[in-house]
Amino acid sequence: MAKKEYKFNPQTLSYDVVSTPSKIRLYRVLRRVLIGFLLASVVNFIFSHLYLTPKMSNIIGHRRELLLKYKILNDKIEASNLKIKSIKHRDNNVYRQLFVVDTLEIPQVYEEYPESKYESFKTIDSEEIVLSSWKKLDAITKLLYLESKSFDQLQELTQNKGLMAMSIPAIWPLDKSKLTNVIGAYGMRMHPIYRRYIHHNGIDLTVPKGTPIYATGDGVVDFTRHSRSRRGYGNEIILEHGFGYKTQYAHLDSILVKEGQKVKRGEIIGKAGRTGGTTGPHLHYEVRYKGKHVDALNYFRRDMTEEEFEKIVKSAKATTYELLEENQNER
Ligand SMILES: [Zn+2]
């Protein structure tokens with residue numbers, strides 16, 4: 001109810017009731033409301049700076065809890081990283097070694113993603129830990145990808161293991177009882193004519209002319225050459241065994257296979273002879289792995305007892321049964 005106002009009337013000497021216009025009344029009410037609101041705002045402002053509202057303290061509590069959880073997550077990521085690294089180590093140093101395959105490399109797998117990928121995380125006023133967790137997770141994801149690819153390869157190799165075991169050159173290329181002289185060893189040796197050291201890429205096995213020559217592993221005839229030249233390798237055969245292996249058989253008297261023909265380990269592919277540059281009948285035998293010459297003797301040690309192998313290694317001489325050219329015709 002509106003408050004009544006009175007005004008003294010000097011003529012009647014009494015108080016008259018004065019009626020206030022409704023506009024002014026409304027203005028007064030509004031003024032009060034406004035002042036009240038302003039006061040309440042000032043008080044609220046001061047209090048909110050001095051004390052936390054229950055809602056704010058709730059949010060801050062949550063944030064603290066979230067950061068703690070991030071720290072735990074970060075530790076777990078670190079632990080997973082160590083586990084993956086140990087798997088990677090076993091992969092490279094045990095499993096891949098077993099199959100004689102190189103370490104798998106995938107380009108950029110160890111590089112971080114560009115910073116722009118993490119731009120959205122930088123707006124969160126916190127926290128280095130959020131960003132570093134994401135970066136670590138990305139690195140782990142890439143490493144996992146690499147390892148899964150690597151194990152895919154190994155799985156394939158396991159499936160081919162039987163084939164691989166049959167393909168790798170692993171037996172004597174001829175009947176060892178036919179040997180008539182010591183083995184001409186792989187490696188540096190004195191050239192009989194030039195009188196200087198030249199690398200011998202294979203081993204020389206001296207046997208009578210006509211001695212059967214065996215394929216030392218399953219494969220395909222990659223190359224044959226019939227040569228009447230008194231230099232170089234003479235009649236020769238190169239077999240492709242797959243898995244990075246090739247073998248070469250040179251100075252043959254005759255070649256019994258054709259290019260592209262499949263051969264089995266132990267199959268007779270030619271006869272020993274003295275074609276090309278040689279001092280007498282012998283087989284020049286080479287094993288190549290991924291295009292590089294390796295010591296062929298190591299590849300048929302499974303075909304010998306330890307004593308036999310030791311004896312042969314000791315007796316193998318840096319001697320020559322062939323007239324090596326300075327640039328032996330390679331293939
Ligand atoms: Zn040789």
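I take buried to mean under 20% relative accessible area, exposed over 50%, and partly exposed in between, with a 1.4 Å probe and protein chains only. I note that this is a predicted model, in which local features need pLDDT of at least 70 and side-chain atom pairs count only at pLDDT 80 or more, while totals for chains, interfaces and linings use all residues. Residues are numbered from 1 along each chain as its sequence is written, and side-chain values use heavy atoms, with hydrogens and water left out.

I looked up lysine 142 and found it in helix 3; helices here are DSSP runs of H or I with at least four residues, strands are runs of E with at least two, and both are numbered from the N terminus. Lysine 142 has a relative accessible area of 15% and is therefore buried.

I then turned to leucine 68, in helix 2. Its relative accessible area is 53%, so leucine 68 is exposed. From the C-alpha atom of leucine 68 to that of serine 57, 11 residues away along the chain, the separation is 17 Å.

Isoleucine 35 belongs to helix 1 (residues 22-50). With a relative accessible area of 47%, isoleucine 35 is partly exposed. Its C-alpha atom is separated by 58 Å from that of tyrosine 113, which is 78 residues away along the chain.

**Entry: domains**

I recorded three domains: domain 1 (5-49), domain 2 (54-159) and domain 3 (176-315). These bounds come from an automatic or database domain assignment. The C-alpha centres of domain 2 and domain 3 are 51 Å apart.

**Entry: helix 2 with helix 3**

I examined helix 2 (residues 54-98) and helix 3 (residues 128-159), whose axes come within 9 Å and cross at roughly 25°. The axes are lines fitted to C-alpha atoms over the stretch in contact, and angles run from 0 to 180 degrees between N-to-C directions. The two helices are therefore roughly parallel to each other, a label for angles under 35 degrees. Their crossing is left-handed, meaning that the near helix is turned anticlockwise from the far one by less than a right angle. The residues of this contact comprise 16 nonpolar, seven polar and eight charged. In this count Ala, Val, Leu, Ile, Met, Phe, Trp, Tyr, Cys and Pro are nonpolar, Asp, Glu, Lys and Arg are charged, and the others, Gly among them, are polar.

**Entry: nonpolar cores**

I searched for nonpolar cores, that is, sets of buried Ala, Val, Leu, Ile, Met, Phe, Trp, Tyr and Cys residues joined through side-chain atoms within 4.5 Å. The largest has 37 residues, of which Ile237, Tyr249 and Ile269 touch the most other members. Among the elements that each supply at least two residues of this core are helix 3, strand 8, strand 9 and helix 5 (306-315). Domain 2 and domain 3 both give residues to this core, so it lies between them. Apart from it I noted another core, of seven residues, including Leu104, Val109, Ile140 and Leu143.

**Entry: positive phi**

Most residues other than glycine have a negative phi. I noted phenylalanine 243 with a positive phi near 55°. Phenylalanine 243 lies in the loop between strand 8 (235-242) and strand 9 (245-255), and at 26% relative accessibility it counts as partly exposed. Histidine 251 also has a positive phi, of about 65°. Histidine 251 is placed in strand 9 and, at 0% relative accessibility, counts as buried.

How values were computed. Angles under 35 degrees count as roughly parallel, over 145 as roughly antiparallel, 65 to 115 as roughly perpendicular and the rest as oblique.
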